[in-house]
Amino acid sequence: TGEEGFLLWASPAHLPDLLGSLLGVGEIRGLEVLGYDAVDILRTEAGRPWSGRELDASVLPEESGQVARAVSFSKGCYLGQEVVARQHFRGSPRKMLCGLLPEGAVSEGAGVWEGERQLGVLTTVVDSPTRERTLALAVLKGASHPVETRYVVRTVDGEVPIRVAALPFLPLRDAAGSGPEDRPGGRPARRRGDGARRSLRHPPR
């Protein structure tokens, strides 16, 4: 989600006990349970792709926008390292993860077009309570998609304009938990994710 944290793996049989232990220890710190939709909003705001949505076997790390935080070129060998390193140091991406701001109603799976050329499809569409607008992610063909570039999404009701936005959609808090002091226009900054927590606070499904 872009926040400091851990990803825990456990067998389904152990999940109730694990969750109970975490909630018991975290109660004094105000630990809350967030549902799937809230986590989806938070990770989209952070510009983080998900496996099965933006990421599959056809997307290399350089194309995912996650190299700086998730890939090491100095550690030992791993499967596929040569291809990953070659694209990073000598090549150029065939496609790129992009943040997008639609100017109308769109849905996941809808095509993103530049003229008569389809660049990709919307893989994530969420309504962000913090940004107070719809945000989208897509992996689009091409090595460069400058911010504010305009494309269209083709829907059953016609074409909807959409423009490229910088990722992450929201500034991420640093390790100390602090964020930007002010938003544009001088309004106090809301804590990132507060909107998602208020509107979608329910057990994971």
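Visitor: Through how many residues does a hairpin join strand 5 to strand 6?

Guide: This is a predicted model, in which local features need pLDDT of at least 70, side-chain atom pairs count only at pLDDT 80 or more, and totals for chains, interfaces and linings use all residues. Residues are numbered from 1 along each chain as its sequence is written, and side-chain values use heavy atoms, with hydrogens and water left out. Strands (E, at least two residues) and helices (H or I, at least four) are DSSP runs numbered from the N terminus, and two strands pair if DSSP finds at least two bridges between them. Strand 5 (residues 150-155) and strand 6 pair in the antiparallel sense over 6 bridges, and the hairpin that joins strand 5 to strand 6 passes through 2 residues.

Visitor: Which residue of strand 6 is the bridge partner of glycine 99?

Guide: Strand 1 (residues 95-102) runs antiparallel to strand 6 (residues 158-165), and 4 bridges join them. Strand 6 also has valine 160, which stands opposite valine 153, whereas the bridge partner of glycine 99 in strand 6 is alanine 165.

Visitor: Is arginine 43 buried or exposed?

Guide: Arginine 43 has its place in helix 2 (residues 36-45), a helix largely enclosed by the rest of the structure because 7 of its 10 residues are buried. The term buried means under 20% relative accessible area, exposed means over 50%, and partly exposed lies in between (1.4 Å probe, protein chains only). With a relative accessibility of 1%, arginine 43 therefore counts as buried.

Visitor: Which backbone oxygen does the side chain of arginine 43 reach at 2.9 Å?

Guide: A polar contact is a pair of N or O atoms within 3.5 Å; within protein, one must be able to donate a hydrogen and the other to accept it, and residues adjacent in sequence count only if both atoms are side-chain atoms. The side chain of arginine 43 makes such a contact with the side chain of aspartate 40 at 2.9 Å, and aspartate 40 is among the buried residues of helix 2. The backbone oxygen that the arginine 43 side chain reaches at 2.9 Å belongs to arginine 48.

Visitor: How many disulfides does a search of the whole structure find?

Guide: A disulfide is a pair of cysteine sulfur atoms within 2.5 Å. Cysteine 77 is exposed, with a relative accessible area of 77%, while cysteine 98 counts as buried at 5% relative accessibility. For the whole structure, the number of disulfides found is 0.
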